[in-house]
Amino acid sequence: MKAEKQEELSFEEAMVRLEGIVAKLESGDVPLETAIDLFQEGMRLSQLCGGKLEQVESKIELLVESEQGFQKKTFVAANEDKGE
């Protein structure tokens, strides 16, 4: 799968493809050259998925109840929230 085609994949499609690659690599039934190619494709897919997750995180807004009603707050991962 070429890089330009990977950019067109949805997150879900990329994850399914990545899971298939992992299964093939874990089986050990692929020649070394093929395993290297699969590993490289898997790394590209992993980066693509990571990038898509970052894009989604940046768009998520939580509604936080305040004294004046509701206000929008930028998404902060649970481990990053400092109790604001």
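## Basis and confidence

This is a predicted model, in which local features need pLDDT of at least 70, side-chain atom pairs count only at pLDDT 80 or more, and totals for chains, interfaces and linings use all residues. Residues are numbered from 1 along each chain as its sequence is written, and side-chain values use heavy atoms, with hydrogens and water left out.

The mean pLDDT of the chain (the predictor's confidence in each residue, from 0 to 100) is 79, and 63% of the residues score at least 70. Confidence is highest in α2, at 95, and lowest in strand β1 (residues 61-66), at a mean of 51. Where pLDDT is low, the predicted coordinates should not be read in detail.

## Architecture

The chain has 3 helices and 2 strands, in the sequence order α-α-α-β-β. Helices (H or I, at least four residues) and strands (E, at least two) are DSSP runs, numbered from the N terminus.

Of the 84 residues, 15% count as buried. Buried means under 20% relative accessible area, exposed over 50%, and partly exposed in between (1.4 Å probe, protein chains only). The accessible surface of the chain is about 6800 Å², and carbon and sulfur atoms hold 53% of this area. Such areas come from the Shrake-Rupley method with a 1.4 Å probe; for residues, only the protein chains shown count as cover. Among contacts (heavy atoms within 4.5 Å) with a separation of 6 or more, 46% join residues 24 or more positions apart.

## Nonpolar core

The largest nonpolar core consists of 8 residues: L9, A14, L18, I21, L38, L45, L48 and C49. A core of this kind is a set of buried Ala, Val, Leu, Ile, Met, Phe, Trp, Tyr and Cys residues joined through side-chain atoms within 4.5 Å. Helices α2 and α3 each supply at least two residues of this core, and α3 gives the most, with 4 residues. In soluble globular proteins, nonpolar side chains tend to be buried together.

The buried residues of α3 are A35, L38, E41, G42, L45, L48 and C49. An α-helix has 3.6 residues a turn, so residues three or four places apart point the same way. Leaving aside residues up to four places away in sequence, L18 touches G42, L45 and S46.

C49 is in helix α3 and is buried, with a relative accessible area of 4%. With residues up to four places away in sequence not counted, C49 touches F11, A14 and M15. The C-alpha atoms of C49 and E13 are 9.7 Å apart, across 36 residues of the chain.

G50 also belongs to helix α3 (residues 32-59), but at 27% relative accessibility G50 counts as partly exposed. Its C-alpha atom is 9.1 Å from that of F11, 39 residues away along the chain.

## Salt bridge

A salt bridge is a side-chain nitrogen of Lys or Arg within 4 Å of a carboxyl oxygen of Asp or Glu; by this rule the count is 1. R17 pairs with E41, the closest N and O atoms being 2.9 Å apart. R17 lies in helix α2 (residues 11-27) and E41 in helix α3, so the pair ties together parts that are 24 residues apart in sequence. R17 is partly exposed, at 26% relative accessibility, whereas E41 is buried, with a relative accessible area of 5%.
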